[in-house]
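Biologist: Can you walk me through this one? I'd like to know how the chains meet.

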Protein chains: 2
Amino acid sequence: MHTDQPVARRRGRPPRQRNELTDTRELLLRAGLEVLTEKGFSATGIDEILGRVGVPKGSFYHYFNSKEAFGLALIEGYGRFFARKLDRHLGNRALPPLLRLHAFVDDARDGMARHAFRRGCLIGNLGQEMGALPESFRDRLRDTFEDWQARFSACLVEAREAGEIAADADTDQLAAFFWIGWEGAVLRAKLEKSAKPLELFAGLFFASLPRG
Amino acid sequence: MHTDQPVARRRGRPPRQRNELTDTRELLLRAGLEVLTEKGFSATGIDEILGRVGVPKGSFYHYFNSKEAFGLALIEGYGRFFARKLDRHLGNRALPPLLRLHAFVDDARDGMARHAFRRGCLIGNLGQEMGALPESFRDRLRDTFEDWQARFSACLVEAREAGEIAADADTDQLAAFFWIGWEGAVLRAKLEKSAKPLELFAGLFFASLPRG
DNA sequence: CATTTAACTAGACAATCAGTCTAATATTTC
DNA sequence: GAAATATTAGACTGATTGTCTAGTTAAATG
């Protein structure tokens with residue numbers, strides 16, 4: 001039985017190749033991310049996003065079933081975006097592990113500064129809004145935090161193996177401690193329009209790490 | 001010149017004495033606090049608050065000039081409420097200073113647990129929402145955090161004087177560190193519907209305090 | 001009782017929300 | 001060209017938003 005022969009190719013228009021730069025769906029996601037990191041989910045109307053990109057409403061509901069589905073797509077995209085950022089820094093074997101963590105923190109701080117501290121962290125924003133959000137968001141947000149924590153913890157393990165922190169350090173706990181507090185720092189940085197909360201938190205966090 | 005004589009008493013109906021328990025204004029504030037700590041400012045409609053209290057819409061704008069004015073009143077009330085809670089614990093001379101801080105943390109955690117971790121901190125909620133809020137909120141929120149931090153720092157000073165923490169500890173910095181991270185912990189506790197983030201953060205915070 | 005002032009209410013208002021729907025057009029394969 | 005699908009276009013709905021005005025009721029004084 002032939003299987004590598006195109007038995008009955010579908011007629012009609014095939015799905016087009018997605019282009020990262022011009023794809024309408026991608027444009028909507030990008031604009032959505034900008035607005036949601038600034039104002040959150042509930043305070044943002046779909047029309048505002050549409051207006052920015054210059055796309056009519058019909059297109060939105062072609063690409064997304066609902067505002068909820070749009071939010072879920074944003075969470076996933078942002079989670080991956082940040083995971084890549086983490087990997088880029090924490091996997092940089094040119095630096096000792098602790099310095100990699102510092103590099104990540106600096107990068108994240110610079111990212112906030114670049115937008116004049118108007119944009120925060122999408123995951124943190126939505127987490128705080130959970131009371132008014134579709135319940136489907138909860139697990140995704142939790143999973144995202146857990147994922148980031150795991151990457152952070154892995155780097156702490158390397159630091160432990162390199163003798164930079166104490167041999168009996170609980171890296172999972174320390175990573176959780178970091179992310180819990182870091183999200184608070186992002187919140188405050190947005191409120192105060194300043195990098196100080198980020199630097200203060202990161203400074204005392206690193207100082208608090210148990211030394212060998 | 002007589003001043004204790006009621007020279008020209010105003011005619012007409014006098015402003016009534018506000019009664020803490022039945023006052024409509026107070027009821028609106030109380031209900032508003034419940035909803036806003038749960039869902040935030042933008043996601044909450046005035047109608048929802050009105051519905052809870054059983055007060056018609058027209059009355060709202062008799063007591064408050066706008067939703068914004070309502071929000072400002074809530075911030076002030078919540079700031080004072082929490083300041084009292086802080087004073088009650090941190091001023092308790094029956095306990096050594098560090099234990100007072102622990103007592104406050106436990107109280108705050110129990111408060112969240114009592115509402116099944118659905119309600120967060122009003123100030124933290126609004127801080128995160130700042131991007132979509134009237135700019136008049138920003139200073140009030142900042143001031144509230146500063147106020148809480150000052151009270152926390154004062155207790156740390158007592159701890160330092162009692163030799164519970166290092167003599168050269170920077171109490172202002174430590175208090176800032178605590179509140180930055182604590183708000184993050186409240187956020188996570190709400191997301192995870194669990195006391196764990198609160199306990200984990202508080203645990204490592206206290207462990208990180210520089211010992212004499 | 002009449003007047004004055006305050007407390008409170010009823011509902012209209014325009015604006016905006018998320019979401020739906022129908023029709024038209026663009027793009028590709030057969 | 002015909003067929004099939006992808007995408008666009010935007011009017012429309014019904015619900016909800018914050019705000020406001022005009023009115024009624026309550027309590028005091030002269």
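**How the two chains meet**

Modeller: In this predicted model, ten residue pairs are in polar contact across the interface of chain A and chain B, both residues at pLDDT 80 or more. A polar contact is a pair of N or O atoms within 3.5 Å; within protein, one must be able to donate a hydrogen and the other to accept it, and residues adjacent in sequence count only if both atoms are side-chain atoms.

Biologist: And how many salt bridges across the interface?

Modeller: Zero between chain A and chain B, where the rule asks for a side-chain nitrogen of Lys or Arg within 4 Å of a carboxyl oxygen of Asp or Glu.

Biologist: Which elements of chain A touch chain B?

Modeller: Those giving two or more residues are α1 (24-39), α6 (122-129), α7 (136-161), α8 (171-192) and α9 (196-208) of chain A. α8(A) gives the most, with 14 residues. Helices are DSSP runs (H or I, at least four residues), numbered from the N terminus.

Biologist: What classes of residue are on that side of chain A?

Modeller: The side of chain A that touches chain B has 18 nonpolar, eleven polar and eight charged residues. Ala, Val, Leu, Ile, Met, Phe, Trp, Tyr, Cys and Pro count as nonpolar, Asp, Glu, Lys and Arg as charged, and the others, Gly among them, as polar.

Biologist: What area is buried between the chains?

Modeller: About 3500 Å², with carbon and sulfur atoms giving 70%. That is the accessible area (1.4 Å probe) that two parts lose on being put together, summed over both. A:Gln128, A:Ile180 and A:Leu191 supply 22% of what chain A buries against chain B, more than any other three residues.

Biologist: What rotation superposes chain A on chain B?

Modeller: One of 180 degrees, with 0.0 Å of shift along its axis and an RMSD of 0.1 Å. The two copies are thus related as by a two-fold rotation axis.

Biologist: Different topic. Is B:Thr171 buried or exposed?

Modeller: B:Thr171 is buried, at 6% relative accessibility; the cut-off for buried is under 20% relative accessible area, with exposed over 50% and partly exposed in between (1.4 Å probe, protein chains only). B:Thr171 sits in helix α8 (residues 171-192) of chain B. Leaving out residues up to four places away in sequence, B:Thr171 touches B:Ser153, B:Leu156, B:Val157 and B:Arg160, contact being heavy atoms within 4.5 Å.

How values were computed:
Residues are numbered from 1 along each chain as its sequence is written. Chains are lettered from A and ligands numbered from 1 in the order in which they are written. Side-chain values use heavy atoms; hydrogens and water are left out. Copies are superposed by least squares on the C-alpha atoms of residues with pLDDT of at least 70 in both.
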